[in-house]
Amino acid sequence: MQPIIYIVIPCYNEQEVLPLTAPLFLQKLNDLYIDGKISNDSRILFVDDGSRDNTWDIINSLSQLDEHYIGISLSRNHGHQNALLSGLMTAAKHCDAAISIDCDGQDDIDAIDKMVDEYLSGSEIVYGVRSDRTRDTAFKRGTAQFFYKLMKAFGTDIIYNHADYRLMSKRALNALAEYKEVNLFLRGLALMVGFKYSCVEYSRKERIAGKSKYPFKKMLYFALDGITSLSVKPIRLITAFGLIAALLSFIGIIWSIITVCIGSAIAGWASTVSIICFLGGIQLISIGIIGEYIGKIYLEVKHRPRYIIDKTTENLE
């Protein structure tokens, strides 16, 4: 019996690109079915993340044209990670494996063939990994490298050049459902799930239409969320900074006593201000990092729902 595969596609204000990429996803699904790799019960699941344009209307129209198109609409914009999770959890009820991919056409759809092959060979999770970044601008390439290095430096275990293009088996999806945190970083959580995994390399393309929803500022906040959600290394770094500052202060006290005893003490305004500014800067940074963690705790203890599904297409069972 062939596996049921769901392709999960989060969408936010994608009315320009969705009509162009939706037929490509359907063609890929049909090709895999014809090749005997997947069941005809496989589906393309769109997740409308509170779009303000006609994205949901387009999803509805697609679902009426072909039964393989289905969709859910969230009550508001819950963010990419929550939207993706809602789609994966919905798919987990019906499929044997789910593939998450963005709807902009940048991720190579043909890599799905290799992902399915790896799954049929026994991999529970298959990561789509970019083989190169030659199409990126120098700024984009540099900031992306900075993003991954920053994550690694702070102890967050992720796969280099992997975004959210991956296949997860039903078993892996059920294990992912056990992670209840509100602050989601699925790239890291997928690795924490464990199980046998493999990687498929692909070359990323230009966006077919529309604008990117992840500028540098948003990527920076995304990295911060990932670090504070999966690692306590920044807190440990604060402790290390505190010990170093305390050691320097202790040395400074000894030096001050010695200079007084030998009678060579000179009043130094600049040195005093420099030390105060240095210690004050470390304290403010430390308080900010601690505050970030406290804010995460505040959100977690509320146990608010990570997403709310407002409506679904009629052909979603």
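In the predicted model, D110 is partly exposed, with a relative accessible area of 47%. The side chain of D110 meets that of K28 in a salt bridge, in which N and O lie 3.1 Å apart. Because D110 is placed in the loop between β4 (97–100) and α4 (111–120), whereas K28 belongs to helix α1 (residues 18–34), this pair ties together parts of the chain that are 82 residues apart in sequence. In contrast to the partly exposed D110, K28 is buried, at a relative accessible area of 8%.

K28 also forms a salt bridge with D113, for which the closest N and O atoms are 2.5 Å apart. Here too distant parts of the chain are linked, with K28 in helix α1 and D113 in helix α4, 85 residues apart. D113 counts as buried, its relative accessibility being 17% and therefore under the 20% limit for burial. Taken together, K28, D110 and D113 are linked in a network of salt bridges.

A further salt bridge joins D117 to K37, with 3.0 Å between the closest N and O atoms. Since D117 is part of helix α4 and K37 lies in the loop between α1 and β2 (43–48), the pair ties together parts that are 80 residues apart in sequence. D117 is partly exposed, with a relative accessible area of 32%. The structure holds 5 salt bridges, among them the pairs formed by K28 with D110, by K28 with D113 and by D117 with K37.

Attention then turns to strand β4. Side chains in a regular strand alternate between the two faces of the sheet. In β4, A97 and I99 point one way, while A98 and S100 point the other way, and all of these residues are buried. Strand β4 pairs with strand β1 (residues 5–11) in the parallel sense over 4 bridges, and V8 has S100 as its bridge partner in β4. Strand β4 is also joined by 4 bridges to strand β6 (residues 162–169), the two strands running antiparallel; on this side, the bridge partner of S100 is R166.

The largest nonpolar core contains 34 residues, of which I9, I44, F46, I99, I112 and Y165 touch the most other members. At least two residues of this core are supplied by each of β1, α1, β2, α2 (55–65), β4, α4, β6 and β7 (197–202), and the largest share, 6 residues, comes from α1. When neighbours within four places in sequence are left aside, I44 is in contact with I7, I9, F25, L26, L29, H68, Y69 and I70. A second, separate core is made up of 33 residues, including L85, A92, I159 and L316.

Finally, S73 is placed in strand β3 (residues 69–74). S73 is buried, with a relative accessible area of 4%. Beyond its neighbours within four places in sequence, S73 is in contact with D48, W56, I308, I309, D310 and K311.

Conventions
Residues numbered from 1 in each chain as written. Predicted model: local features only at pLDDT ≥ 70, side-chain atom pairs only at ≥ 80, totals over all residues. Heavy atoms only, no water. Buried < 20%, exposed > 50% of the residue type's maximum accessible area, 1.4 Å probe, protein only. Contact = heavy atoms within 4.5 Å. Salt bridge = Lys/Arg side-chain N within 4 Å of Asp/Glu carboxyl O. Pairing = 2+ DSSP bridges. Core = buried A, V, L, I, M, F, W, Y, C linked by side-chain atoms within 4.5 Å.
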